[in-house]
Amino acid sequence: MIVYNTLTRRKEELKTVRPGEVGMYSCGPTVYSQAHMGNMRAYLFMDTLRRVVTFNGYKLTGVMNITDVGHLTSDADDGEDKMQTAAKKTGKTPWEIAAHFTDLFLKDIERLNIGRPEIIAKATEHIDDMLAFVEALVEKGYGYETSDGIYFDISRFPSYGKLSGNNRLDDNIAGARVDVNTEKHNPADFALWKKAPKEHIMQWDSPWGRSYPGWHIECSAMSRKYLGDTFDIHTGGVDHIPIHHENEIAQSEALLGHPAVNYWMHVEFMQVDGRKMSKSLGNTYTLDQLEERGYSPMDFRYFCLNTHYRKKLNFTFEGMDAAKTAYARLLALLKNCAASDVKTDAAIIENFRKEFSEAVSDDLNIPLGMGALWTLLRNPPSRDIYDAAMWADTVLGLSLDKCTEEVKTDVPSEVKAIAEKRWAARLAKDWATSDALRAELASMGWSVKDGKEGYELTENK
């Protein structure tokens, strides 16, 4: 299995700490609002990587965090905790907000066939682990106290910036990515622990008074707790590279004296109509909003899988329409395969399996693997092809087995209205009106079949 390592900037063969096993940590959601489709691309990437790892025979231990405290509104370690801000807006407690949006998140990933990691770790349930981590860093001389918290001194860590390539302290000038804090030793020093003002709801006892953890420390503390001092893969979005993951590396390696992660893997941004996705532009959509527009979760998953994870993905509704059509066609072809008694040459199936395996195991080249599946489907329908597609779906996660289920077509409201008028005319034995409305439905591309209890509409293909 080959993966692209952000740290070395090249593709490498996966060599695990423990033979036959993979330890993997994935940055999870900050649960102060509902996840949108850009967020979901990151978790689809995580899921695809998990599937390819197990596809290659590894035993996987995956950990994903839930950030329910400590993620401030600014990466400059100032502003309010995002949970605290959401609490003020809604009138709910941070705990209520976290519970609500964690539940929504877990339901959304289930709808997208994203498997839950073996361990889901909430930040608020690991305060003692984080506190012990920070205390150890202070004892080693990497952490220092200011009036508002405990900060990591990046000048003590010479290789700071090696993940992003920005390893000169001069590059981290105030105004570039952080604000001026005159108590910091260096402008880019980051918070390990924050002292809490009295009105701050989420706070705990510490050697420095009532306080709460910084954002970055949770991932270092929890990955170490569940995966050990050195583990295989750490995933996240490319936005995590210059700050969050850079800081993780610094604090973890400072404590341990050696690398904690062997392979860093990052998924690229999703754009919308070629522009940055942001709530201020109103171009973020939740899974619910996509469904309201007629797209299923599997339509969205199919859309995402068509672009390699290290390439920017441009979201358009035209693209979603194409994905919806292609996914429906894929199910229709496989339905024919499932019902066929024809045999496919074993060499054709074997060649597909080889091409698919090589593609997905080469840094998750899922688009190439899907291309191999479409090529296979050019052959006459057969149960052998259906079985091969189900094997491939252990990686794709597209619920291809549902091809044998009856698919209910979304009927446009205007078509439904005409059909209802026709049914009423039929009940009144107004056959002339009934026939006229049937003809009108046909002109709109719909057929109607009557039964004792009602009617059934079918879109003409």
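Predicted model: local features only at pLDDT ≥ 70, side-chain atom pairs only at ≥ 80, totals over all residues.
## Ground rules

Residues are numbered from 1 along each chain as its sequence is written.

## The whole chain

The chain has 14 helices and 16 strands. Both are DSSP runs, numbered from the N terminus: helices are H or I with at least four residues, and strands are E with at least two. Along the principal axes, the C-alpha atoms fill a box of roughly 85 × 55 × 35 Å.

Of the 461 residues, 51% count as buried. Buried means under 20% relative accessible area, exposed means over 50%, and partly exposed lies in between (1.4 Å probe, protein chains only). Contacts are another way to view the fold. A contact means heavy atoms within 4.5 Å. Among contacts between residues at least 6 apart in sequence, 75% join residues at least 24 apart.

Five strands form an open sheet, in the order 5-4-3-10-11. The pairing is parallel. Two strands pair if DSSP finds at least two bridges between them. Strand 5 (119-122) and strand 11 (261-267) are the edge strands, and each pairs on one side only. From one strand to the next, the twist averages 20°. Axes here are lines fitted to C-alpha atoms, for helices over the stretch in contact, and angles run from 0 to 180 degrees between N-to-C directions.

## Strand 3 and its neighbours

Strand 3 (residues 21-26) pairs with strand 10 (residues 231-237) over three bridges, in the parallel sense. Met24 has Ile233 as its bridge partner in strand 10. Ser26 has Thr235 as its bridge partner in strand 10. Strand 3 also pairs with strand 4 (residues 59-66), in the parallel sense, over six bridges. There, the bridge partner of Val22 is Leu60.

Strand 3 is mostly covered, with five of its six residues buried. In a regular strand the side chains alternate between the two faces of the sheet. Strand 3, helix 1 (residues 37-55) and strand 4 make a right-handed β-α-β unit. Right-handed means that, with the strands pointing away from the viewer, the path from the first strand over the helix to the second runs clockwise.

## Thr30 in the loop

Thr30 lies in the loop between strand 3 and helix 1. Its relative accessible area is 17%, so Thr30 is buried. Leaving out residues up to four places away in sequence, Thr30 touches Thr67, His71 and Lys82.

## Helix 10

Helix 10 (residues 346-360) has 15 residues. From its first C-alpha to its last it reaches 21 Å, close to the 21 Å expected at 1.5 Å a residue. The expected span is 1.5 Å times one less than the number of residues.

Ile349, Phe352, Phe356, Ala359 and Val360 are buried in helix 10. They cover an arc of only 100° around the axis, so they sit on the same side of helix 10. The arc is that of the directions from the helix axis to the C-beta atoms. These buried residues pack against helix 1, helix 11 (366-376) and helix 12 (383-396). The face turned away from the buried side carries the exposed residues Ala346, Ala347 and Glu350.

## Helix 13

Helix 13 (residues 413-427) has 15 residues and reaches 21 Å from its first C-alpha to its last, close to the 21 Å expected. Val415, Ile418, Ala419, Arg422, Trp423 and Ala425 are buried in helix 13. Seen down the axis, the buried residues fall within an arc of 160°, so they line one face of helix 13. They pack against helix 14 (431-443), strand 15 (446-450) and strand 16 (455-459).

On the other side of helix 13, Ser413, Lys421 and Leu427 are exposed. Helix 13 is followed by Lys429, whose phi is positive, near 60°.

## Ser413

Ser413 belongs to helix 13. Its relative accessibility is 58%, so Ser413 counts as exposed. Ser413 and Glu350 are 63 residues apart along the chain, and their C-alpha atoms are separated by 47 Å.

Technical notes. Heavy atoms only, no water.
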